[in-house]
Amino acid sequence: MNAVVLEHVSVRFGRRTALEDVSLSIAAGAVTGIVGPNGAGKTTLLRAALGLQRLAGGSIRVLNKPLVAWPREALARAAAYLPQGGEARWPMPASDVVLLGRLPYRIGLGAPDAKDLKAAAEALARCDAGSFARRRMDELSAGERARVLLARALATGASILMADEPAAYLDPAHQLGLMDLFREEARRGTAVAVTLHDLPLAARLCDELVVLHEGRLAAGGTPAAALSDETLARVFGVAAMRSGDVLAAFRRI
Amino acid sequence: MDATIAAIETKRGPRLMLALLALALLAGCWSFLLGPSDISAGALLRGLFDGQSAAGIIAQEIRLPRAALALVVGAALGASGAALQGLFCNPLAEPGVTGVTPSAGLGAVVALYFGLATIHPLMLPGLAILGALAAAAILYLLSRKGAGAVALILAGVAIASFATALTALALSFSANPYAMSEMVLWMMGSLKDRTLNDLAYALPLVAGGVALLLSAARGLDALTLGEDAARSLGIDVAGVRGRVILGVALATGAATAAAGAVSFVGLVVPHLLRPFCGYQPARLIGPSALGGAAMVATADVALRLIAPDGQLLLGVVTAMLGAPFFLWLILKMRRAS
């Protein structure tokens with residue numbers, strides 16, 4: 001089932017075109033990777049799909065309902081977003097950061113209820129972050145902070161999860177660990193969309209790939225089909241060095 | 001994160017509020033009992049309720065407005081500081097430093113010395129609120145254009161200098177022989193010779209402002225994750241910003257109209273209380289209001305103990321404490337980054 005469907009979506013910033021006539025779908029129960037060179041429109045695509053970006057054209061459906069028809073709070077419960085370089089700007093305890101993911105369920109100033117605490121604890125456990133839940137954010141390493149922020153997004157319990165460059169600034173072990181968490185989420189039926197810079201990582205861990213180039217859809221499909229030699233040369237200006245079938249490294253053309 | 005931790009957490013908040021409330025009331029009572037006339041506490045309290053005799057008049061007309069206004073002004077400044085810091089994600093943001101208080105002072109001076117305050121008593125707090133709103137709106141627009149923490153503070157310095165200069169100019173042009181001495185009063189703030197009327201106008205406006213700030217608290221929590229994340233959590237970010245700006249303008253404007261420009265309360269109080277509130281902006285606003293009330297009332301007691309002749313101004317005491325604190329905060333931030 002497709003959780004998010006974009007049809008002929010265009011976004012403009014003033015005169016500059018950020019997205020042009022992009023049609024694609026993000027499936028439930030799978031990890032969809034969005035790749036492309038810097039400035040290709042990856043972040044804009046996620047923001048548009050979440051209703052954070054006004055469209056210049058086209059339409060978006062979320063869970064079979066037009067995006068524009070979603071009330072703000074209901075959409076917040078259905079789709080969680082992990083922005084790029086997301087940080088908690090005050091050194092709050094990790095568990096309180098994760099509880100922010102429950103805001104769409106909390107009205108007024110009331111303290112989080114048992115259900116909120118349970119969801120937050122579960123999200124922390126899933127991200128293997130329970131052991132430092134009481135530590136302050138500024139006392140954690142970058143890898144630990146990334147896991148807490150992911151737990152924040154998971155605590156919402158949304159059926160759609162979008163993450164913008166979650167693997168950036170992480171060392172390889174933490175990158176793989178984080179991607180495993182996304183795969184685990186997809187196995188639970190969540191529609192996961194992540195933008196990634198690291199093409200081998202994307203090829204290895206995503207079920208579907210979308211390649212963006214200068215705001216347009218350049219290729220899509222399984223990683224092998226999307227990252228063909230032709231696409232790599234045209235979009236990224238590199239040639240692949242594969243080990244077996246798997247994309248391993250690049251060289252300049 | 002198990003249930004026991006959550007239980008501790010929910011218990012600690014009310015306890016902190018109760019402790020701060022006790023502190024504020026204690027300082028308020030001390031302020032009420034302190035004065036040049038030698039009247040017993042019992043006589044003052046009796047006088048407060050029956051209004052008879054000299055003790056009654058002193059209690060109702062002099063002591064009560066001063067003590068209660070100290071609490072109201074402190075609550076306004078403490079809550080405004082906490083909310084501004086939350087909105088800009090910047091521990092240096094504060095009504096005084098960001099120029100909101102000096103601009104409110106300018107509004108008040110214009111209302112007073114150009115006869116507008118004689119049209120209707122609400123003109124005085126009204127113009128002060130308008131001044132505060134203008135400064136807060138400029139800051140808000142700058143932050144929307146991506147101005148960072150330091151740029152915002154620098155903009156605040158410029159707004160504050162400009163408002164102070166205009167205040168001096170307004171006072172020079174007004175046909176007022178005491179312009180110079182009154183200017184000092186407005187720029188440094190004082191609670192001397194306030195009336196019940198001042199209290200009656202300040203109290204509801206400050207209460208309304210603080211209520212607006214509290215209504216934005218949830219949104220401020222979400223904004224710690226950045227604007228996009230906050231919006232994705234279903235928060236109306238523009239609405240939160242508007243409520244904070246308006247709430248700060250109402251509270252700070254009304255407080256400044258009553259007491260002049262008292263600075264640094266909104267800086268020091270939230271910073272001291274933040275560790276006790278889990279660094280969470282929403283949980284900080286209420287305690288900061290109570291803590292600010294306690295701080296201003298204590299400062300107003302202290303300055304009368306130090307200089308019983310009334311020569312020491314409230315803003316002098318808060319700035320003497322606050323300005324070194326501000327510098328220390330900047331140094332600490334530099335070391336952290």
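Student: Which residues of helix 12 of chain B are buried?
Tutor: In this predicted model, the buried residues of helix 12 of chain B are Val265(B), Gly266(B), Leu267(B), Val268(B), Val269(B), Pro270(B), His271(B) and Leu273(B). The helix is therefore mostly covered, with 8 of its 9 residues buried, where buried means under 20% relative accessible area.

Student: At what angle does helix 12 of chain B pack against helix 13 of chain B, and how far apart are their axes?
Tutor: For such a pair one reads the angle together with the distance between axes. Helix 12, residues 265-273 of chain B, and helix 13, residues 281-306 of chain B, pack at about 125°, their axes being 9 Å apart. That angle makes helix 12 of chain B oblique to helix 13 of chain B, and the crossing of these two helices is right-handed.

Student: Which residues make that contact?
Tutor: On the side of helix 12 of chain B they are Val265(B), Val269(B), Pro270(B) and Leu273(B), while helix 13 of chain B contributes Leu284(B), Pro287(B), Ser288(B), Gly291(B), Gly292(B), Met295(B) and Val296(B). Sorted by class, this contact has 8 nonpolar and 3 polar residues, with no charged ones.

Student: What are the angle and axis distance for helix 5 and helix 11 of chain B?
Tutor: Helix 5 (residues 123-144) and helix 11 (residues 237-259) of chain B pack at an angle of about 140°, with axes 7 Å apart, and helix 5 of chain B passes helix 11 of chain B in a right-handed crossing. Among the residues that meet there are Ala128(B), Ala132(B), Ala136(B) and Arg144(B) from helix 5 of chain B, and Arg241(B), Ala249(B), Gly253(B) and Ala257(B) from helix 11 of chain B. By class, the contact between helix 5 and helix 11 of chain B has 15 nonpolar, 1 polar and 2 charged residues.

Student: How many helices and strands does chain B have, and why does its radius of gyration agree with that of a compact globule?
Tutor: Chain B has 14 helices and 0 strands. As for the radius of gyration, a compact globule of 337 residues would have a value near 20 Å, and chain B has 20 Å, so the two agree. Along its principal axes, the C-alpha trace of chain B spans about 60 × 55 × 35 Å, and 56% of the 337 residues of chain B count as buried. Of the contacts in chain B between residues at least 6 apart in sequence, 76% join residues at least 24 apart.

Definitions and conventions
Residues are numbered from 1 along each chain as its sequence is written. Chains are lettered from A and ligands numbered from 1 in the order in which they are written. This is a predicted model: local features need pLDDT of at least 70, side-chain atom pairs count only at pLDDT 80 or more; totals for chains, interfaces and linings use all residues. Side-chain values use heavy atoms; hydrogens and water are left out. Axes are lines fitted to C-alpha atoms, for helices over the stretch in contact, and angles run from 0 to 180 degrees between N-to-C directions. Helices (H or I, at least four residues) and strands (E, at least two) are DSSP runs, numbered from the N terminus. Angles under 35 degrees count as roughly parallel, over 145 as roughly antiparallel, 65 to 115 as roughly perpendicular and the rest as oblique. A crossing is left-handed if the near helix is turned anticlockwise from the far one by less than a right angle, and right-handed if clockwise. Contact means heavy atoms within 4.5 Å. Ala, Val, Leu, Ile, Met, Phe, Trp, Tyr, Cys and Pro count as nonpolar, Asp, Glu, Lys and Arg as charged, and the others, Gly among them, as polar. The radius of gyration is taken over C-alpha atoms; the globule rule is 2.2 Å times the number of residues to the power 0.38. Buried means under 20% relative accessible area, exposed over 50%, partly exposed in between (1.4 Å probe, protein chains only).
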